[in-house]
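Good morning, and thank you for making time on the agenda. I would like to take the group through one assembly and the way its chains meet.

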Amino acid sequence: MIVQALAFYMFATVAIAAGVMVISARNPVHSVFFLIAAFFNAAGLFVLLGAEFLAMILVIVYVGAVAVLFLFVVMMLDINFVELRQGFLQYLPIGGLIGVILLVELLFIFASWTVAPDAGAVAAAPMSALGEISNTRMFGRLLYTKYIYYFQAAGLVLLVAMIGAIVLTLRTRKGVRRQKVPDQLRRTRAESVEIKKVETGKGI
Amino acid sequence: MLSWDFLALQPALPEVFLALSTMVLLMLGVFRGDGHTRIISWFAVLVLGLTLLLVLDDLGGTKRAFGDIFIVDAFAQFMKVLVLIGSSFAVVMSLGYIEREKIARFEYPILFLFATLGMMMMISANDLISLYLGLELQSLSLYVIAAFRRDSTRSTEAGLKYFVLGALSSGMLLYGASMVYGFAGTTGFDRLAAVLDAGAVPVGLIVGLVFVIAGLAFKVAAVPFHMWTPDVYEGAPTPVTAFFAVAPKVAAMALFVRVMIDPFGALIGQWQQIIVFISIASMVLAAFAAINQTNIKRLMAYSSIGHVGYMLIGLAAGTQEGISGLIIYLTIYVFMTVGTFACILCMRSHGRMLEGIDDLAGLGKTNPPMAAVLTAFMFSLTGIPPVAGFFGKFFIFRAAINAEMYTLAVIGVLSSVVAAFYYMRIVKIMYFDEPAERFDRPIGREMTLILVGTGLFIVFFFPFIAPLLEGADAAASSLFVG
Amino acid sequence: MAELWTGYMLPTVIIVAQIIAIVVPLLFSVAYLTYAERKVLAGMQLRKGPNVVGPFGLLQPMADGIKLLFKETVIPSGANKVVFIAAPVVTFLLGLIGWAVIPFDDGMVLADINVGILYLFAVSSLGVYGVIMAGWASNSKYAFLGALRSAAQMVSYEISIGFVIVTVLLCVGSLNLTEIVRAQKDLWFAVPLLPMFVVFFVSGLAETNRTPFDLPEAEAELVAGFNVEYSSMPFALFYLGEYANMILMSAMTTILFLGGWLPPIDVAPFNWIPGPIWFAAKIAMVLFVFLWVRATFPRYRYDQLMRLGWKVFLPLSLFWVFLTAGVLVATGWVPK
């Protein structure tokens, strides 16, 4: 148990520290790297919870694909930090005030925290069979039966996002010669090669 | 194994049909290209019509699907019918426009269909998660449609502004929803209602509810969260604006009503104050802010904010009568808004869209029929007795008075007097100002049909009162029984 | 104290010993893979290849290693130092940590985790970071271009690799690598899933930035791509990492399609040979094909590379996922 506890505190501390660094790092590329560190530690926390499938998916999807695209974009952008800092200092009092108010509100709420009587039962319900089968299988069973509506709806949302990205950005430019693979494959020797007998000293 | 009862799809048949046929149309578009936009648009209208039939096919009773996260009752059916009618009008109105403006791409009707699907999912949501997913499906489609004229700065600005603020409001809604979940231990509306009826209400839940209300108020564009409306309405292509003013508003309002009445009905003492405030603020701000507008789309934006204020009176009353009034108001609002936007779409001169209020000058002389129809819509938007708009306001105010909310009713009446000023100004400009440019004619067969249809409905509203009242009462009672 | 020893220290010592037992032969193989590559290329081009250092040039990798070790590490003045140094370390580390879940024989695996294949997939998808970090931190246009190419390329091909893995998983019903190999007891998946095998192998070439997809380091256009500013040990780490990744990708191919440690047919002379030897032999065979491809194919043009990934492999692998699932459901062969 000690090892688990140590691992938990390590992952949790590093995740929070990385999260802080994401917003305070001077260089946005470094911010993305810290974001990746935060993802990794979140994955570590998932492993500790016994949700190894989620942990791996988090790494594959967020670190392996999403963060790469972030990095891609951030590296290409030329961001002027001095200007950003100026704005930051200017709005610091207001932002800080809002932050403090929200924090006080949260403390106020959590001071009066009472967990609803049903909460425990609800939280425990889907986990009942977890001991017997791997959590990947359990995910599948729940996702494709009980939560099929959410699953499909989320799929539709992503489909719309994809359509939107294509609609708003795809342009067919004129005057660009595109490679047409079928045309290339259809070419035969007869129509592309011609053998000529060239007489010496005459040229074609 | 788990049982397969979760897959009782029957109640969700219209949604399933709409989703599948939309994807079929998408494939059709992808393989046939942008040249077939007109055909796909008509297919889209057909699909919406068939969905409407499927919705009407199974009237009466309350049914649930997917394990209580999807609900179909009389209220949902009524609202779905309104949404489907509004969407069909919007698609039909777009036909000529997108071709003339050279933005006729096949994704346009497809995105309308997806947005409509999202709205139907919102209306039928019976769980905070299905609520959010429906909302996101709808919003995401709308963000894209708003920016559909991607070569126009104003359209892209509208899309971006809508996206950023919409994402913020979705964030607030989610934050609130997660708080509600944290304190109530469930996201299902039925169980939430059961938990709340049982007694003690934690403070955190109220705070969560406030965030949820803020998110929903953004979606219906009620006052403290209305800032996006004028810019988006002005920047988006006009038929898209018409769509925004109609279908999403119905869906968001339906969602608002269901969330407030169904799961949080027991907390009416807590949320009534907020709704009253939002309602008054919307009515008053819209009435005064609209006076200075010169762009008719911006004017319609403020007008829609005002109308949301009136509808919220019905919700604030929190009674069955109030909700029934809200439903009637919403129905009338759909028809008069569609009609008004059809008129705005006909405002084009030498192939160019006009949007200034001054451009209407002398319409009474240059195009008397259109001026007459637009006048009828303006009377209706104001709420002057013989036309439909009056009855909407009448039922709402009656409900407010019966619920003993006299201040609200009085402020509502006063703000409609102020609003009358800018609606009547349009009438005055049309009939008493020197004629400006003539509008292009003919306006197209579809437009004529829409104008005549909505115009007749608005002017000769009497025969519709009884059936509408009956339907609205049935719909409202289904909320309070269940 | 005794509990501390048996409960914590001893397992740690055992794990460290196991790690060393995996890493040392691995590094040795990496060294000799570079030698093999030069010999194979030489053979295919009718040359001799390294033949001076030691008998048959066998000490050449050692000589190369020592040379790189004693060179001066040059860090460009405009470079972002931390990231610049971290990049080769990341590449090298990722080439090694994937081996934690590779089963060399039934039960002979460092960490027999439930989601082994996802772990491998995650590790291989992280490989892109070494390249991007190097390209960005070098503060050089050539290196940056190489990094951008690599990012787009690896992300694109990961998708089809993902779908290929899904097809295999459908046939196995488990994400555990040992289970995946056991499921191939009767028939290697390379046979029924042949198109997926080909897609996986080609995507593997792209994922490891090997010819014909070695655009990130295309020497003719980008000097040497992302690692142009590197010298000495950091460069050696890139080099080692790249070859370690190749071996890892071959191991993945072997496990997914070529039956891992299993003999081709389970009869007398074949099943006398122990599993790890079969496994190594299969990896060596796949690696040979890697080298063979390098000797045979010219480099792809960038747009063709993208076209192949998105317009050929993606639809094909997606279709095969559907087909496999359909066949499994229709015939009732869905694994429990």
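I shall discuss the chain pairs in turn, then a surface patch, and finally the salt bridges.

Please keep in mind throughout that this is a predicted model.

Let me begin with the overall arrangement. There are 2 pairs of chains in contact, and of these, chains A and B share the most contacts. Chain B and chain C, by contrast, are joined by no contact. The closest C-alpha atoms of chain B and chain C lie 12 Å apart.

I turn now to chains A and B. On the chain B side 43 residues take part, and they are in contact with 33 residues of chain A. The area buried between chain B and chain A is about 3500 Å². Carbon and sulfur atoms give 77% of that area.

What polar features does the interface have? The rule finds 5 residue pairs in polar contact across chain B and chain A, with both residues at pLDDT 80 or more. Six helices of chain B each give two or more residues to the side that touches chain A, namely α1 (13-32), α4 (107-123), α5 (128-146), α6 (153-184), α7 (189-197) and α8 (203-220). With 8 residues, α5(B) gives the most to that side. By residue class, the side of chain B that touches chain A divides into 31 nonpolar, 5 polar and 7 charged.

The interface of chain B and chain A also holds 1 salt bridge. Here the side chains of Arg171(A) and Asp151(B) meet, at 3.0 Å from N to O.

The second contact is that of chain A with chain C. It takes 28 residues from chain A and 29 residues from chain C. About 2300 Å² is buried between these two chains, with carbon and sulfur atoms giving 74%. Within the area that chain A buries against chain C, Met56(A), Ile60(A) and Met75(A) supply 23%, more than any other three residues.

How many salt bridges are counted between chain A and chain C? The count is 0. Polar contacts do occur between chain A and chain C, in 5 residue pairs with both members at pLDDT 80 or more. On the side of chain A that touches chain C, two or more residues come from each of α1 (2-24), α2 (28-49), α3 (52-76) and α6 (135-143) of chain A. The most come from α3(A), with 14 residues. The residues on this side of chain A comprise 20 nonpolar, 6 polar and 2 charged.

Chains A and C also meet in a nonpolar surface patch of about 920 Å². Chain A provides Ile2(A), Val3(A) and Leu6(A) to the patch, while the residues from chain C include Trp5(C), Tyr8(C) and Met9(C). The elements giving two or more residues to the patch are α1 of chain A and α1 (2-44) of chain C. Of these, α1(C) gives the most, with 7 residues. Met9(C), for instance, is placed in helix α1 of chain C.

I close with the salt bridges. Over all chains, the structure holds 24 salt bridges. One that deserves a mention is between Asp73(B) and Arg258(B), whose closest N and O atoms are 3.2 Å apart. Asp73(B) lies in the loop between β2 (70-72) and α3 (74-100) of chain B, and Arg258(B) in helix α10 (residues 238-261) of chain B, so the pair ties together parts that are 185 residues apart in sequence.

Thank you for your attention.

Terms used:
Residues numbered from 1 in each chain as written. Chains lettered and ligands numbered in written order. Predicted model: local features only at pLDDT ≥ 70, side-chain atom pairs only at ≥ 80, totals over all residues. Heavy atoms only, no water. Contact = heavy atoms within 4.5 Å. Buried area = accessible area lost by both parts, 1.4 Å probe. Salt bridge = Lys/Arg side-chain N within 4 Å of Asp/Glu carboxyl O. Polar contact = N/O pair within 3.5 Å; in protein donor to acceptor, adjacent residues only side chain to side chain. Helix = DSSP H or I, 4+ residues; strand = E, 2+ residues; numbered from the N terminus. Nonpolar A, V, L, I, M, F, W, Y, C, P; charged D, E, K, R; others polar. Patch = residues over 30% accessible without salt bridge, like charges linked within 9 Å, V, L, I, M, F, W, Y side chains within 5 Å. Areas by Shrake-Rupley, 256 points an atom, 1.4 Å probe, with all protein chains shown as cover.
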